[in-house]
Amino acid sequence: MIEAIGLTKRYGAKTAVYDLSFQVRPGAVTGFLGPNGSGKSTTMRMVLGLDQPTSGHVTIGGHPFRKLPNAPRQVGALLDAKAVHGGRSARNHLLSLAQLSGIPARRVDEVLGVVGLQDVARRRSKGFSLGMGQRLGIAAALLGDPQVLLFDEPVNGLDPEGILWVRNLMKQLAAEGRTVFVSSHLMSEMALTADHLIVIGRGQLLADMSVKDFIAHNSAGFARVRTPQTEPQQREKLSAVLTEAGGRVMPEPDGALRVTGLALPAISDLAHGADVRLWELSPHQASLEEAYMRMTQAAVDFRSTDDRKAGLMQQPAPGYDPSAAVTASEVPQQGWYAPPPPGRNPYASTPPGGAPTGRDPHPDTPPAAAPAPAAPAPAGPPAPAAAPADPTESSTEDAR
Amino acid sequence: MTTPYPQQGPHPQGAYDSPIPVRAAHLGDALASEWTKIRSVRSTLWTLGVMIVLMFGIGLLSAVAVSAASPEPPEESVLSLGFFGVLLGSICVITLGVMTVASEYGTGMIRTTLTACPSRARVLTAKALVFFLLVFVITTVTAAIVGALQTAIADAGVSSGEDWFRATVGAGLFVALLGLLSLGVGALIRHSAGAITIMIGVVLLPLVLALFMFSESLREVQEFLLEYSIPSQLGVLYDTPVTGQGPSGWEPLWIMAGLAGAALAAAYLALDRRDV
């Protein structure tokens, strides 16, 4: 059992972790998720007593790590696969750790066998691949056969066979009644491995719930609605009706509409009432990956952008640019992009006036229930919904 | 496993019991671990190997040179010819002392180590002890063999017992303490190149500075630097002090022990308080 209460860590002016409280229970794999730089590793280091929290505290089995009796027999950790002296052989590395912990030396050969490194045990770890390094780190964590295990990004650099092995190892360790705490930024991996999730972003807790609940709460499904492409005015009419009924409508690049906040029968009824024919009305369930991306998109520190080679290309002639105004408000047809909470839409071409910036980071409520900041007129703040009313929209349609 | 949650009874729900017998680790375990560490990296072999080569090479060459230059036995004890070899060899010891601690920081190994042993003082004590004993034994044994060979080559008279003792055990202790000082500095600086540079500066700079202090007003500073610089103190152990005053007999050892103790005390404090 790992228990953190009000954990805060500041490095100078930068707050790496802020007021983090959570529990990691035995008998389950607990995934620790967050974007790069969100404070996962800092939290792990504080759990292990390597970094002193600025405030708050964290205990393992009721004791702070540094006061834990027989700590290496109770806690094993893989923090960084490269945290070994490269000049030392794998076996000597593990032997020195075993001796330090009062563990019999024959256990070293045992864990080398478990992770499959027995053939390279006498080679210097400098020559190890990243995957072999991960295996060596996992061997070190398993050395004391501990009750509590922490793994920081254990599948980094592993081959598919290794990933599968780690996945099964985590589950097996948890099934034996141990506490397994695994950090990762790969939601897809965690969806397969973890039973419980702790999600942080910018050092703050975003979610602490079971994987099932996480999906239910966050992966808002949507309906794809397609009206006859030959009649764009039908599409605009339908958008207006759906928006009025409390749904959120976003256009997709190929002319379909993505609707959230309304059940499929309701959409059908509304369309029927508005006398709009439908070519498609299909349900779509967002994956866990999408749910995670949506939850953390506001908390991402390092965001990649398109390489636009700005300034290196010849400027286009000033004038009408059909791609600028409209496509920016559309959502990609494929990919993770689920409807963002209002006010957080990076695709919105014009930020709506008085957007709620300090919104609760938990998008627990479905987007439709979020307070609509203005009247549901076509020019309303959900910018994508306003797009069909944009006069440039139809001209783009024609240009296609 | 002994009960990990004593407040919850012997078998709390979901707890895992390891079949491997649990015993509390102690300083002896840490010593064994540090011995494994220090013997399993090449930097140990290189630094101590170079030191032995330097002590033998310079010691024997100077003995040959002395015996070739004058047929008469030299007035001073022939053991003092070992001085230059030990002085240069001490640079190797400084390097090894710094590397023993700083390489753990450089590689990140320190986090693995402190996860396996949360008692940071125990880790540092074990490192210091293993390193000190290793350097002391190697230096003393090498100095004794070189001394014996020098006596044979230079065909000098028998040196007194105390001369022998100071030139072997004394020099060994002095070099090992200098190494401990480097180990403490390494634990404070946590960066190999930085700590080695600082330590080489500490050894060489006072003498170099003193050479350029011509001004009369700096006379006292110059004398102090000359007398108490690390090479001069090592020279005292060989009865070849740079000047007439300053430390004599076994005093350099006490001075160096004080310095090493202060550096280690600071290292204990820093290691205990700082994040790793």
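In the predicted model, an unreviewed UniProt entry annotates residues 45-69, 81-102, 128-149, 169-189, 196-215 and 253-271 of chain B as "transmembrane region"; such annotations may be inferred rather than shown by experiment, and their positions follow the numbering used here, with feature names shortened. Residues are numbered from 1 along each chain as its sequence is written, and chains are lettered from A in the order in which they are written. Because the model is predicted, local features need pLDDT of at least 70 and side-chain atom pairs count only at pLDDT 80 or more, whereas totals for chains, interfaces and linings use all residues.

Residues 128-149 of chain B are 100% helix and 0% strand, with end C-alpha atoms 31 Å apart. Residues 196-215 of chain B are 80% helix and 0% strand, and their end C-alpha atoms also lie 31 Å apart. Helices (H or I, at least four residues) and strands (E, at least two) are DSSP runs, numbered from the N terminus.

The contact between the chains takes 44 residues from chain A and 36 residues from chain B, two residues being in contact if their C-beta atoms, placed from the backbone, lie within 7 Å. On the chain B side, helices H1 (27-39), H3 (83-107) and H4 (109-116) each supply at least two residues. The largest share, 7 residues, comes from H4(B).

Chain A is assigned domain 1 (2-211) and domain 2 (219-301 + 323-399), with bounds from an automatic or database domain assignment. Their contact takes 14 residues from domain 1 and 10 residues from domain 2 of chain A. On the domain 1 side, helix H7 (187-193), strand E8 (196-201) and strand E9 (204-210) of chain A give two or more residues, and H7(A) gives the most, with 3 residues.
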